[in-house]
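Thanks for coming. I have one structure to go through today, so please bring it up on your screens.

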Amino acid sequence: MSDRLAGLVPCPKSVRPLHGSVLLTAPVTVDTGHGSGPAQELAQATAAVSRVLRSIPWPGLPSPETAPAPAPASAGTGESHYDSPRLTVDVDAGLAPEAYRLTVSQAGISIAAGGEAGAFYAAQTLRQLLPDEAWRAVPVTTPTAARAAAAAAKAAASATPLATGWLLPCAEIEDAPALAWRGAHLDLARHFFPKRELIALIDAFAALKLNRLHLHLTDDQGWRIESRRYPALHEIGSHRPRTRVNLSREQPPVYDETPHGGYYTLADLAEISAYAAERMVEVVPEIEVPGHASALLAALPELGVGRPPPGGYQVSSDWGIFPYLMSPLPSTKEFLREIFGELLSAVPSRYLHVGGDECVLDSWRDDPVVDAYRRQRGLAGPAELHSVFLREVADLLAGDFGVRALVWDEAFASAGGQRGKLRADTIVMAWRGMRIARSAAEAGHDVIATPVLPTYFDYYQSDSDAEPAGIGGPVRVQDVAAFSPVPADWPAAARQRLLGTQFQVWTEYIRTGRELEYMIFPRACALADVAWAGQSVSGSVALESDDDMAAALTGRLAAHLRRLDAAGLEYRPLDGPRPWQRGGSGPRRHRTGARIRSVAARLDELAGDDGTTLAATEGT
C-alpha cells in the first residue's frame with residue numbers, strides 16, 4: 001500500500017489498492033452522474049465535491065478561484081489547451097448519508113455517496129491522497145517542483161514527452177462513520193478567539209470529518225454574543241479588567257493586568273455557522289444556565305438571586321466555581337426566550353446546549369422568594385428545582401424554536417438519575433465518566449461521551465517539564481487513541497443511545513490561537529479516528545509510554561501533521577514541543593497541576609452520588 005493510502009485520517013473502513021496511479025496536471029473537472037437519488041441531492045453532492053476541489057492549489061496553475069476554464073476543443077482536433085481529468089459524482093440511495101465509495105483508476109475518478117455529506121467526505125479523502133502541497137492556499141514552486149519543470153522543459157526541447165503534476169494513487173475506498181456525532185468543543189468565554197481563528201479551525205476539523213462544533217459562548221469570565229435586545233450583555237459582560245495567570249490552587253493569585261474581551265456580532269455568528277455548514281459542520285452554541293453566570297449578572301443583576309456580592313456582580317478575572325446563579329423564576333425564562341431567539345436567528349442549529357453544570361444551589365435554598373416558589377410548585381428541594389428548571393428551558397427550546405437541548409451530566413444527576421425528570425429528548429453530555437453516561441442512556445436519554453480522560457484537551461500532553469502549563473494532566477495522544485466511546489459491556493439498548501463523542505478545550509490557561517492549536521493537534525486527529533470508527537484505534541490499548549504508540553497510528557498522524565504544516569496550523573510534534581512552544585520559566589511554565597487519573601476517579605465518584613451536590617471541580 002502506498003504511503004498516501006496508509007496516511008489517511010480518520011482511517012477508512014476499507015482501502016483496496018489498485019494498479020498504477022493517475023497523473024494530475026490540471027484541476028479535476030467534476031461531472032454529475034446519474035445516481036439513484038433525487039436530482040436535488042445529486043446537485044448538492046456535486047456542489048460539495050466542487051467546493052473541496054476548488055480549494056486545492058492545483059500544480060502549475062493559478063489558484064482555483066482565478067484559474068481560467070479549459071479552452072474549448074479546437075475544431076477537428078478534439079483537444080483542449082490542457083488535459084483535465086474527470087471526476088464523476090453519483091448519489092447511491094443504498095448508502096447512508098455520510099457514507100461514500102471513492103474509486104481512483106486509470107479509467108477515471110468516481111464518487112458514489114449517500115448524500116451531500118458523504119460526497120464531501122469522499123472529496124476530503126481524495127485531497128489527503130494528493131501531495132501535501134494540496135493543503136496550501138495557492139500553488140507554490142518548491143525546489144523539487146522547479147527541478148521537475150526544468151526536466152520537463154528539457155524533455156520537450158528534445159521532443160520527448162514528459163508531463164509534470166501530481167500523482168494520485170489508484171485505489172477503491174469504501175467508508176462510513178460508526179457514530180453520528182463527531183465533535184469539537186471550544187471554550188470562547190474564558191479567552192476570546194477572533195473569527196478568523198474559528199474559520200481556520202473549521203477547515204481543519206472538516207478535513208478530519210468532524211461534524212459538530214460546540215461553541216461555549218458564555219461563562220463567568222465573559223459573554224461573547226451580541227444582543228440587540230439587551231445590549232448590556234455584550235457592552236458590559238464581554239470584557240474583564242484582568243486575568244489570572246497562575247493555577248487556581250496556587251496562592252497567592254497572580255494576574256495579568258491587561259484587560260481582555262471580545263464578542264461575536266450576530267452577523268459574525270451567522271457567517272461562522274454558514275461557513276461551517278458548507279463543510280458539513282453544524283455549529284452547536286452554548287448559553288450556560290443557571291450557573292457560570294457572573295458575566296451575565298454583571299450586565300443584568302436583576303436576574304440574580306438574593307443579595308449581590310460586595311461591590312456588585314463582576315465579570316470574573318478568576319477561575320473556578322462561583323455561587324452566583326440566575327433566578328429560576330418565570331421572568332428568567334422569558335429573558336431566555338428572547339436571548340435564544342436572537343442567537344438561533346443567527347445560528348440555525350438543531351441543538352442548543354444549556355449547560356446546567358457546577359451549580360452551587362445554596363443561593364436558591366437561602367432566597368425566600370425562590371424557596372417559596374419551590375414550595376408552591378411542590379418540589380422536594382433545590383436539586384429538583386434545578387432539574388425542573390432545565391426541563392422547562394428544554395420545553396421552551398422545543399416549543400418555540402424546534403430545537404433539542406443538551407446539558408452536562410449534572411443536570412441528569414440533579415434529576416436523581418430518574419426517567420422523566422428531564423425532558424425526554426434532552427441529550428446528556430457525560431463529562432464525569434462513562435458510568436454516568438451509561439446511567440443516562442439506560443434512563444432513555446441520548447448521550448455524548450465526553451469524559452475528562454481522555455477528551456479534555458486543556459490538560460497538558462505529557463509529564464515533561466517542557467510542556468506549557470495546563471490545568472493538569474497528562475492526556476496523551478495514545479490515551480485518546482485508546483478510548484472506546486461505545487463500551488462493549490453496555491447493554492444493546494444503552495449502546496444505541498450513544499450518539500457519539502467530542503473533545504473539549506477549556507481555555508483558562510490558553511490565551512492565543514497558537515496555544516489553542518498546540519493543545520488541539522494531534523490529539524484531535526486521534527479523536528477523529530475514534531469517533532469515525534466508534535472504537536479505540538487498533539493497537540493503541542494499554543500503552544504505557546510515549547514510545548509505545550502503534551507504528552501505523554504514528555505514521556498516519558505524522559502524515560496529517562505534514563498537511564497541517566502546509567495549511568499553516570500549529571500542533572505539538574509527536575516527540576514533544578518545539579523550542580518556542582515550551583512553557584519556559586514564566587507564567588506558562590510546566591507544573592504538575594491536577595493528576596488526570598485522580599480527577600477522573602473523583603468525578604466518577606461524584607457522578608455516582610444522588611446529585612444534591614452539583615459542584616464538582618474546576619474545568620468547565
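This is a predicted model: local features need pLDDT of at least 70, side-chain atom pairs count only at pLDDT 80 or more; totals for chains, interfaces and linings use all residues.

Residues are numbered from 1 along each chain as its sequence is written, and side-chain values use heavy atoms, leaving out hydrogens and water.

Helices (H or I, at least four residues) and strands (E, at least two) are DSSP runs, numbered from the N terminus. Two strands pair if DSSP finds at least two bridges between them.

The strands β7-β8-β15-β16-β17-β18-β19-β21 form a closed barrel of 8 strands with parallel pairing. From one strand to the next, the twist averages 30 degrees; angles run from 0 to 180 degrees between N-to-C directions, with axes fitted as lines to C-alpha atoms, for helices over the stretch in contact.

Isoleucine 448 has glycine 500 in β21 as its bridge partner. Helix α4, residues 195–207, packs on the sheet and touches β7, β8 and β21, where contact means heavy atoms within 4.5 Å. The direction of α4 makes about 160 degrees with that of β7.

Now α18, residues 523–533. Why is this helix largely enclosed by the rest of the structure? Because 10 of its 11 residues are buried, meaning under 20% relative accessible area (1.4 Å probe, protein chains only). Among them are Arg523, Asp529 and Trp532. Glycine 534 follows α18, with a positive phi near 75 degrees.

Last, cysteines. Cysteine 525 is buried at a relative accessible area of 0%, and cysteine 359 is buried at 1%. Searching the whole structure gives 0 disulfides, a disulfide being a pair of cysteine sulfur atoms within 2.5 Å.

Definitions and conventions: Buried means under 20% relative accessible area, exposed over 50%, partly exposed in between (1.4 Å probe, protein chains only).
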